[in-house]
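Reader: I'm new to this one and would like a close look at a single part. Could you pick one spot, go through how it packs, and then show me what surrounds it?

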Amino acid sequence: MLAETICSAVSVAGLGIAAIMAYRKRFLSAARTAAYALVPLGLVMTGAVEWIVDTAFSPVAWAGFGVLGLALLLFLSTRAVERRRGGRKETTGGAERGAVAPSASSASSPSRAVTAKPGAGGGAGEDFSDIEAILKKHGI
């Protein structure tokens, strides 16, 4: 009720200022001031002010805004983690990277199994684990 009274008073004051401007033959400024002055009155008449006041003082509405904020935070954090991982998806088979056959990779980026040196020692075991993951994925 108080918000509606304040908005009505602001509208009346604005219309008074617009009348003074029109009396001084500044019609363009008077029309613009009258337009601004009628906005709060229109918001009161449509019920938008009452809705805003009810929302501002409602604990349920603020809890709803909190839930929406939490959902947005979760969405943004999962996107950030996904970008950090480089788009890799985790599988249930234990392999962290998506299995791709060496022939499916582009020529500009050769497979790690092809570029690994046979006498590298521990590095070759990783390449075979990738191949094993690919074969397990295809049931071989």
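Author: Let's start with the axes: they are lines fitted to C-alpha atoms, for helices over the stretch in contact, and the angles between N-to-C directions run from 0 to 180 degrees. Keep in mind that this is a predicted model, where local features need pLDDT of at least 70 and side-chain atom pairs count only at pLDDT 80 or more, while totals for chains, interfaces and linings use all residues. Residues are numbered from 1 along each chain as its sequence is written, and side-chain values use heavy atoms, with hydrogens and water left out.

The part I'd pick is helix 1, residues 2–23. Helix 1 packs against helix 3 (residues 48–56) at an angle of about 135°, and 9 Å separates their axes. That angle makes the two helices oblique to each other (under 35 degrees counts as roughly parallel, over 145 as roughly antiparallel, 65 to 115 as roughly perpendicular, and the rest as oblique). Helix 1 and helix 3 cross in a right-handed way (clockwise is right-handed; left-handed means the near helix is turned anticlockwise from the far one by less than a right angle).

On helix 1 itself, have a look at V10. V10 and V39 sit 29 residues apart in sequence, and their C-alpha atoms are 9.7 Å apart in space. V10 is partly exposed, with 45% relative accessible area (buried means under 20%, exposed over 50%, partly exposed in between, using a 1.4 Å probe and protein chains only).

K25 isn't a glycine, yet its phi is positive, at about 65°. For context, most residues other than glycine have a negative phi. K25 is also exposed, with a relative accessible area of 68%.

Zooming out, the protein chain has six helices and zero strands (helices are DSSP runs of H or I with at least four residues, strands are E runs of at least two, and both are numbered from the N terminus). Of its 140 residues, 11% count as buried.

The structure holds one salt bridge (a side-chain nitrogen of Lys or Arg within 4 Å of a carboxyl oxygen of Asp or Glu). The side chains of R79 and E82 form that bridge, at 3.4 Å from N to O. Both belong to helix 4 (residues 59–85), three residues apart, which is about one turn of the helix. E82 is partly exposed at 41% relative accessibility, and R79 is partly exposed at 35%.

Last stop is I140, in the segment after helix 6 (123–137). I140 is exposed, with a relative accessible area of 73%.
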